[in-house]
Amino acid sequence: MIGCGWVAQERHLPALHGMGDAEVIAISDTNAECLNRVAERFHIQNRCLDYRVMLDLPTIEAVAVCVPTQFHVEVALAVLDAGKHVFIEKPLALNLDDAARLIERAAQSRHKAMVGFNMRWHRLVRQAREIIQRGSLGGLDLMRTVFTAGSHFRPDLPPWRLQHELGGGLLFEHAVHHFDLWRFLLRSEVEEVLAKSWGEQSAAERTTVAAQMENGVLAASVFSLRASADNELEIYGQAGRLRVSCYRFDGLDFCRTSDSPGGIRTRLQGVARALREVPQAVLRLRQGGDYVASYQAEWRHFIDAVRHDTPVECTLTDGRRALQVALAAVHSAASGQAVKVAQAPAKITPLPSQPGSASRSAHGSPLR
């Protein structure tokens, strides 16, 4: 594992720690104190300040790239050149040209390359996808998502995590998960986005994004780093409504169009369903909960793909397409105009301040 930041310490390493057929045998980080602390916590013998030294270890079969986004492509290319399979945390890259360069190199390799969109493997998201694919919602019409967190107030947050230009910020670091879920659940590409942001110029603290999918479904999402934690999805079809609350063990709710959401029968059915899930929920919580389980599930998929030489489900192309939506959203928030995703800038290009821009900070100054 290259990079020993929060996501490695609290998500990937705990997920891998309990897997019997995979072992983390080496980690690398430029911060010696952090490197040694994490190595001791997870009983990892090999530790390297220079990841290139680690890549020379012949016993390593696969490498997780968990460094800041600006280094993703550089490190991932080195992993492939070293003859290892590579798992890359989202977002894939800072710009489309680097993403394309990595995709081309990976296509020439016999080794697996996968992007870490763990939300695809969240238990309730998987169930929701099955319901949609069965046609239980009928023709799809709308999708609504919400992601909120108090990250803005964390004193230990690395500066890059708040700057779009470095791969952090709401749209790159957080919203990109939902951009991928738009595609994953609706089985369609994003055609056009319109975004509006409020907050600091380097990385907005609150953003709304509206989109039209190529299949005609409308999507709307709200993101904030200044609120209590929430992560929800809701899909509306002609035959019913499906809601997923990712932080609740009983967070999957399907309601037919003919049902009354507030009716006694519907509510009693929801209570009964929650009670049935309590025993399994307690067991999952003892093992870290659904979020750690989503990381375990994506690692299980990646390891099985390596072991059995089967395709990975979340490809580098999936990572590039979610990145392209994020770039379009950043450009839309800066310009105040709707942006066709296919015509989005290949990288973040700061725009001059424009009077009357739709994207303004909390103090009234235009975002760039």
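What you see is a predicted model, in which local features need pLDDT of at least 70, side-chain atom pairs count only at pLDDT 80 or more, and totals for chains, interfaces and linings use all residues. Residues are numbered from 1 along each chain as its sequence is written, and side-chain values use heavy atoms, with hydrogens and water left out.

Let's start with the whole chain. It has 10 helices and 13 strands, which are DSSP runs numbered from the N terminus (helices H or I, at least four residues; strands E, at least two). Of its 368 residues, 51% are buried, meaning under 20% relative accessible area, while exposed means over 50% and partly exposed lies in between (1.4 Å probe, protein chains only). Among contacts (heavy atoms within 4.5 Å) with a separation of 6 or more, 65% join residues 24 or more positions apart.

Now let's visit helix H2, residues 32-41, where Cys 34, Leu 35, Val 38 and Ala 39 are buried. These residues are on the same side of H2 because they cover an arc of only 125 degrees around the axis, taken from the directions from the helix axis to the C-beta atoms. They pack against helix H1 (6-17), strand E1 (26-28) and strand E2 (46-48). The face turned away from this buried side carries exposed Glu 33 and Glu 40.

Finally, look at the ends of H2. After H2 comes His 43, with a positive phi near 55 degrees.
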